[in-house]
Amino acid sequence: MAQATTDAGSLAALMASKEIAITCGSGGVGKTTTAAAAAAMAAAHLGGRVLVLTVDPARRLANALGLESFGNVERRVDKAAFEAAGVVPRGELWVAMLDTKQSWDDLVRRHAPDDATRDAILANPLYENITTRFVQGHDYIAMERLYDIHTAGKYDLVVVDTPPSRNALDFLDAPARMAEFFNSRLLRWLTVPYRSRMMTAASRPFYQMADRILGSQFLQDIAEFFILFQTMHDGFVQRARAVQRVLADKRTTFIVVSTLESSPLREAEFFIDALHERHLHLGAIVLNKVLPAYLLDPAAASAASVMEREAGAIGADLAPLLAAEPADLTRLVADVAASFHNYAVAATREAEQRTELAGAPEVVSVPQLGGELTDLAGVLDLGQHLWRPR
Ligand SMILES: Nc1ncnc2c1ncn2[C@@H]1O[C@H](COP(=O)(O)OP(=O)(O)OP(=O)(O)O)[C@@H](O)[C@H]1O
Ligand SMILES: [Mg+2]
């Protein structure tokens with residue numbers, strides 16, 4: 001296992017005091033991995049029932065948790081998987097994936113005013129296409145599902161992984177956008193062909209052209225869909241507001257994940273500001289895949305300097321031991337020492353970037369670990385870096 005970084009904080013206290021933790025950050029930085037590792041650590045060491053709600057079609061993650069697969073329905077990670085990792089868990093780890101289609105269906109079933117409307121919406125040929133595409137349907141439904149799970153009260157802690165959004169703010173604003181959409185002009189426009197054959201002079205050319213290009217059945221389907229959708233207005237708007245309240249609640253915390261590369265880091269800073277603006281609670285920043293702390297050790301640096309200076313002598317000493325040419329070994333020793341110095345420069349730069357983030361409630365560093373996470377032991381191994389006692 002890679003050595004730990006020196007100035008790491010911990011997620012332990014945060015996870016012990018919250019009911020919802022949402023990992024967010026730019027693409028590929030380790031949101032899903034962090035969510036899984038933090039949830040596994042919470043289940044192992046804090047106890048209670050912990051759910052990780054992921055958005056990835058995470059077959060690899062499923063395998064790492066000892067499951068064949070998992071979907072919208074929550075599944076418990078077998079206690080035996082913890083025991084195989086040498087841990088006796090204090091609590092239970094559950095896992096579920098966001099199935100957008102299934103979740104929309106559930107939502108429609110809940111809000112439709114009657115069975116006929118419900119069936120008409122679900123049978124509308126455009127229903128699936130529209131719900132997965134419009135107003136960040138995916139982001140909205142992720143928050144909606146979270147609300148559902150939270151209010152059911154089955155779990156002590158829900159750790160939520162967020163989609164790799166083009167814009168990391170999308171899911172924060174999705175509930176508000178959904179509420180806005182129901183009152184929007186766009187929605188009125190979309191429903192015109194259904195509501196009235198007597199269109200205004202201004203809109204007629206648009207619909208005539210749309211009719212020619214898309215076919216009138218298509219426009220009718222769209223209009224019908226949104227007319228039906230409007231019947232769910234009150235429930236939806238109320239719900240969107242409730243979801244927003246849960247996001248802003250003190251028991252909900254956001255964990256911003258980033259690597260120390262400039263682009264994800266910029267996005268992380270932007271995201272942190274956005275959380276503040278929206279009065280949402282930033283609990284921690286996880287700096288993932290950082291260089292190990294021994295690169296900052298002055299003793300290691302002076303050893304590398306000696307290696308560089310004495311490469312010839314070291315190469316000659318090692319030659320009989322390794323049955324290799326002294327000249328080759330000399331070059332190798334010099335290269336290793338030079339690489340160490342290069343990495344040390346990069347690690348120093350990373351350390352400076354970390355201090356710039358000081359002021360965040362908790363900054364946790366996780367080193368780049370070798371290989372893929374293939375089992376729960378690997379997930380917990382990574383989790384150790386999130387969890388160290390202060
Ligand atoms: N500390 C680490 N050391 C080594 N590999 C890591 C580490 N953290 C994450 N990874 C690996 O990096 C890859 C991306 O991680 P992950 O899927 O968690 O990122 P993500 O932010 O959820 O990505 P996306 O935005 O695509 O959802 C995965 O292959 C994961 O196993
Ligand atoms: Mg992910």
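This is a predicted model: local features need pLDDT of at least 70, side-chain atom pairs count only at pLDDT 80 or more; totals for chains, interfaces and linings use all residues.
Local features need pLDDT of at least 70 and side-chain atom pairs count only at pLDDT 80 or more, whereas totals for chains, interfaces and linings use all residues. Residues are numbered from 1 along each chain as its sequence is written, chains are lettered from A and ligands numbered from 1 in the order in which they are written, and side-chain values use heavy atoms, without hydrogens and water.

Helix 17 (residues 326-356) takes part in two of the pairings described here. Helices are DSSP runs (H or I, at least four residues), numbered from the N terminus. The axis of helix 17 comes within 7 Å of that of helix 16 (residues 311-322), and the two cross at roughly 125°. Axes are lines fitted to C-alpha atoms over the stretch in contact, and angles run from 0 to 180 degrees between N-to-C directions. Angles under 35 degrees count as roughly parallel, over 145 as roughly antiparallel, 65 to 115 as roughly perpendicular and the rest as oblique; helix 16 and helix 17 are therefore oblique to each other. Their crossing is right-handed. Among the residues that meet are Gly 312, Gly 315 and Leu 322 in helix 16 and Pro 326, Leu 329 and Thr 330 in helix 17, where contact means heavy atoms within 4.5 Å. By class, this contact has ten nonpolar, three polar and no charged residues.

Helix 15 (residues 298-309) also meets helix 17: their axes come within 8 Å and cross at roughly 150°, in a left-handed crossing. Residues making the contact include Ala 304, Ser 305 and Glu 308 of helix 15, and Val 336, Phe 340 and His 341 of helix 17. The classes here are nine nonpolar, two polar and one charged.

The remaining pair is helix 9 (residues 170-182) and helix 13 (residues 233-248), which pack at an angle of about 160° with axes 9 Å apart. That angle makes helix 9 roughly antiparallel to helix 13. The crossing is left-handed. Leu 172, Met 178 and Phe 182 of helix 9 are among the contacting residues, as are His 233, Phe 236 and Gln 244 of helix 13. This contact has eleven nonpolar, two polar and no charged residues.

Ligand 1 is surrounded by 18 residues (a heavy atom within 4 Å); the closest are Lys 31, Thr 32, Thr 33, Asn 288 and Leu 369. A polar side-chain atom of Thr 32 is 2.8 Å from an oxygen atom of the ligand. Backbone atoms are involved too: a polar one of Gly 30 lies 2.9 Å from a ligand oxygen atom, and a polar one of Leu 369 lies 2.8 Å from a ligand nitrogen atom.

Conventions:
A crossing is left-handed if the near helix is turned anticlockwise from the far one by less than a right angle, and right-handed if clockwise. Ala, Val, Leu, Ile, Met, Phe, Trp, Tyr, Cys and Pro count as nonpolar, Asp, Glu, Lys and Arg as charged, and the others, Gly among them, as polar. A polar contact is a pair of N or O atoms within 3.5 Å; within protein, one must be able to donate a hydrogen and the other to accept it, and residues adjacent in sequence count only if both atoms are side-chain atoms.
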